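This report covers aromatic contacts and charges placed over rings. Here is the entry under discussion.

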Amino acid sequence: MPELPEVETVCRGLEGPLVGQQLTKVTQRRDKLRWPLPDNFAQRLQGRTIQRLYRRAKYILADLDDGWVWMTHLGMSGRMFIHDGLAPDPGKHDHVLLETDGGHTVVYQDHRRFGMMDLVPADALYKHRLLQDLGPEPLGNEFNGVVLSDALQGRRTPIKSALLDQKIVAGLGNIYVCEALFHTGISPRRLAASVAGKRAERLVPAIRDVLTKAIAKGGSTLRDYVQASGELGYFQHEFTVYGREGEPCIRCGQPIKRLVQAGRSTFFCAKCQR
DNA sequence: CGCGCTCCCTGGCCGC
DNA sequence: TGCGGCCAGGGAGCGC
């Protein structure tokens, strides 16, 4: 489901119901999502107060009052629902339920179960195997043309694949990579190494721009995604290439093409992107 | 080491 | 309506 803008939106939506609240009851209805949940997961979360909620790449992180961090990745289909009071009877894909002393219930639902949750000591958070190799946050100060250019230097993979690599820049997924490449006029097939330099300088503001605009619209809703509030995202109406195979390019009118790179669909305009 | 492919799951949709 | 095939926003792990 979710790339950076969707995860950011979910994270913001969870702040009200969770931050400063104690988890009075935590229910775990499965042993594993993508991987096994940690031992005694629900027991260890129950009774804790959430002090801060934030995002790194596509991970939602919650500082607890006992020095541990609750870590969640939504995978492809993970969703967070907020209910006033108790949740209705859980469905078969509702895997974790959290009741707070503020009177809300947050339900984690994930029908494909590609998501994950873990508990990590705060002082070693970024040593977690899933966080330790992440590249810079694309909306942060540490991401700029020089940094991106250096990361692409010498890479023989297509730029599309390189931008999906979370070690190069963290948080982009299939949609926003396609969109950013279109806005920059760079072919997804171009080797990453040839984007180093001037093209990398142009890519950085395009990536920032598309992510910022998507966050402002509450992310993109294709199939599953809804904000924690239950609202849909609206950025999908602004897609220029993603999911538009055969439809006219908004710039030149040529039909948008689809190709498969590293097993994922890429959408692009063969005329505007070189 | 760096790359692409397969696989982990379920469900929606399309064509027959 | 049913069924098979294909597709899906992620990304670890493996083989080359």
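Is phenylalanine 267 buried or exposed? Phenylalanine 267 is buried, at a relative accessible area of 9%. Buried means under 20% relative accessible area, exposed over 50% and partly exposed in between, with a 1.4 Å probe and protein chains only.

## Basis

The model is predicted: local features need pLDDT of at least 70, side-chain atom pairs count only at pLDDT 80 or more, and totals for chains, interfaces and linings use all residues. Residues are numbered from 1 along each chain as its sequence is written, chains are lettered from A and ligands numbered from 1 in the order in which they are written, and side-chain values use heavy atoms, without hydrogens and water.

## Aromatic pairs

Rings of Phe, Tyr and Trp (its six-membered ring) pair if their centres lie within 6.5 Å; planes under 30 degrees apart count as stacked, over 60 as edge-to-face and the rest as tilted. The count is four aromatic pairs. One of them joins phenylalanine 235 and phenylalanine 239, edge-to-face, at 6.0 Å centre to centre and 70 degrees between the planes. Both of these residues are buried.

Tyrosine 242 and phenylalanine 267 also pair edge-to-face, at 5.1 Å and 70 degrees. Tyrosine 242 lies in the loop between α6 (198-216) and β9 (257-261), and phenylalanine 267 in strand β10 (residues 264-268), so the pair ties together parts 25 residues apart in sequence. Helices (H or I, at least four residues) and strands (E, at least two) are DSSP runs, numbered from the N terminus. Tyrosine 242 counts as buried, at 18% relative accessibility.

Tyr176, Phe235, Phe239, Tyr242 and Phe267 form one aromatic cluster.

## Charges over rings

A charge sits over a ring if NZ of Lys or CZ of Arg is within 6 Å of the ring centre and within 35 degrees of the ring normal. Arginine 44 places its charged end over the ring of tryptophan 68, 4.8 Å from the centre. Arginine 52 lies over the face of tyrosine 54, 3.7 Å from the ring centre.
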